[in-house]
Each structure stands twice: as structure tokens, then as C-alpha cells.
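Dear colleague,

Please find below the structure that I am handing over to you. My notes on what was found in it follow directly after it.

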Amino acid sequence: TTATDADWRVEYVPLLPLHSEQIHRYVASTLLRDRSIVVGGIGRAEYLATARELGLIEAIDRHAVIAQIAILRDYAGHGQIIDLCMPVEVSSLTHLRSELASLQGIGAGVRLTLELDADSAMEQSTLLRQFSSQKLPGVSLGLSDNSGQFGHWPALLALPVDRLRVPAAAL
């Protein structure tokens, strides 16, 4: 099974700027189309286990990254500053290198942050370190920790990432 543009869509949720930041920050969420729902779709948390089991997660992540790069090119073409953050699997990183390399020369104010599940990143830290050792311009890595437990944050922050997102309740 392959995913087509008609089978998925992306929603953008703006992140609040810190202090006087002049950058547009959004989290991009990939939704699989549910033809019984007019608006919305099936969120990543719901389809992730099935997509992994069927071996489709890398294809879904690739389609989503290609869509985000198109958005970034559009913003860069208008001289706007933007940072898109999107979830991907750690295992998808090696399959995304050629697409991500196309961001080179796109513009200094444009960035794509690939957000990884914190537990998966810890389990696959070797792959994460290999990917991050070959810096790609315009690409940064972040972690999403849904546990809200302070105890393992030092270990997470020791990974080669630029951002750690935690639940608001943890703060």
C-alpha cells in the first residue's frame, strides 16, 4: 500500500513565540484521511502502531517531509522566517537524508525541526548520533517526551538534539 496526497493531510498548529521572537513556529501534524470524517483525520498517535507493523511509517514520514519542504521553499521565496517542527520516527532518519539535503541553500531563516519520540531516541541513540554527525543545513532535531518525568531529562539532553518538548503539566 502506498500513501498518496489524497490519503493524508497536514495540520499546522502555531507555537507561541518566546519573548520578542520574530519567527513563525509551527508544529506540523500528519493526519491520515478517514473518508467518514469531513474535517480532520486519524492522528499520528492512532495510526503509528499500525503503520509500524505494516512497514509504512518511513513512507508516511517521507511524504510528510516532502510536503514540509515545499512549504519551507514557499516561505523562503517570500523572504519569511519560519521553523516547522514535525514528528518523524528515528528509523526514518536514514531514509530522509536526500530529501533533507535539498534544504541546503534555501535560506538562513528557514528551518525544519524533526521531532523524535524521546524513548525511541534513547533506544536508537547510535542511529541518532550517526545522523546528527552529518549536519544538514536548515535541519535540526528535537525530542518529544510525554512522560513528564524530570529524572531522565539529563540523559535526553545529552543526545545530539536542539530542542526538548515536554508536557505543559511537567512545568
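Valine 27 is buried, at 7% relative accessible area; buried means under 20% relative accessible area, exposed over 50% and partly exposed in between, with a 1.4 Å probe and protein chains only. This valine belongs to strand S2, residues 24-32. Its C-alpha atom is separated by 9.1 Å from that of threonine 113, which is 86 residues away along the chain.

Please note that this is a predicted model, in which local features need pLDDT of at least 70 and side-chain atom pairs count only at pLDDT 80 or more, while totals for chains, interfaces and linings use all residues. Residues are numbered from 1 along each chain as its sequence is written, and side-chain values use heavy atoms, with hydrogens and water left out.

Overall arrangement

The chain has six helices and six strands, in the order β-β-α-α-β-α-β-α-α-β-α-β from the N terminus. Helices (H or I, at least four residues) and strands (E, at least two) are DSSP runs, numbered from the N terminus. Of the 171 residues, 38% count as buried. The chain exposes about 9500 Å², of which carbon and sulfur atoms supply 56%; accessible areas come from the Shrake-Rupley method with a 1.4 Å probe, and for residues only the protein chains shown count as cover. Among contacts (heavy atoms within 4.5 Å) between residues at least 6 apart in sequence, 65% join residues at least 24 apart.

Nonpolar cores

A nonpolar core is here a set of buried Ala, Val, Leu, Ile, Met, Phe, Trp, Tyr and Cys residues joined through side-chain atoms within 4.5 Å. The largest has 33 residues, and Val65, Leu93, Leu100, Leu112 and Leu114 touch the most other members. At least two residues of this core come from each of helix H2 (57-77), strand S3 (82-87), strand S4 (110-117), helix H4 (118-123), helix H5 (125-133), strand S5 (139-144) and helix H6 (153-157). H2 gives the most, with five residues. Leaving aside neighbours within four places in sequence, leucine 93 is in contact with Val88, Leu114, Leu116, Leu128, Phe131 and Leu141. Apart from this core lies another, of five residues, among them Tyr47, Leu48, Ile57 and Ile60.

Packing of H1 and H2

Helix H1 (residues 44-54) packs against H2 at an angle of about 130°, with the axes 8 Å apart. Axes are lines fitted to C-alpha atoms, for helices over the stretch in contact, and angles run from 0 to 180 degrees between N-to-C directions. The two helices are therefore oblique to each other: angles under 35 degrees count as roughly parallel, over 145 as roughly antiparallel, 65 to 115 as roughly perpendicular and the rest as oblique. On the H1 side, Arg44, Tyr47, Leu48, Ala51 and Arg52 meet Ile57, Ile60 and Asp61 of H2. By class, this contact has five nonpolar, no polar and three charged residues. Ala, Val, Leu, Ile, Met, Phe, Trp, Tyr, Cys and Pro count as nonpolar, Asp, Glu, Lys and Arg as charged, and the others, Gly among them, as polar.

Isoleucine 57, in helix H2, is buried, with a relative accessible area of 3%. Not counting residues up to four places away in sequence, isoleucine 57 touches Arg44, Tyr47, Leu48, Ala51, Arg52, Glu89 and Ser92. Glutamate 46, in helix H1, counts as exposed at 60% relative accessibility.

With kind regards
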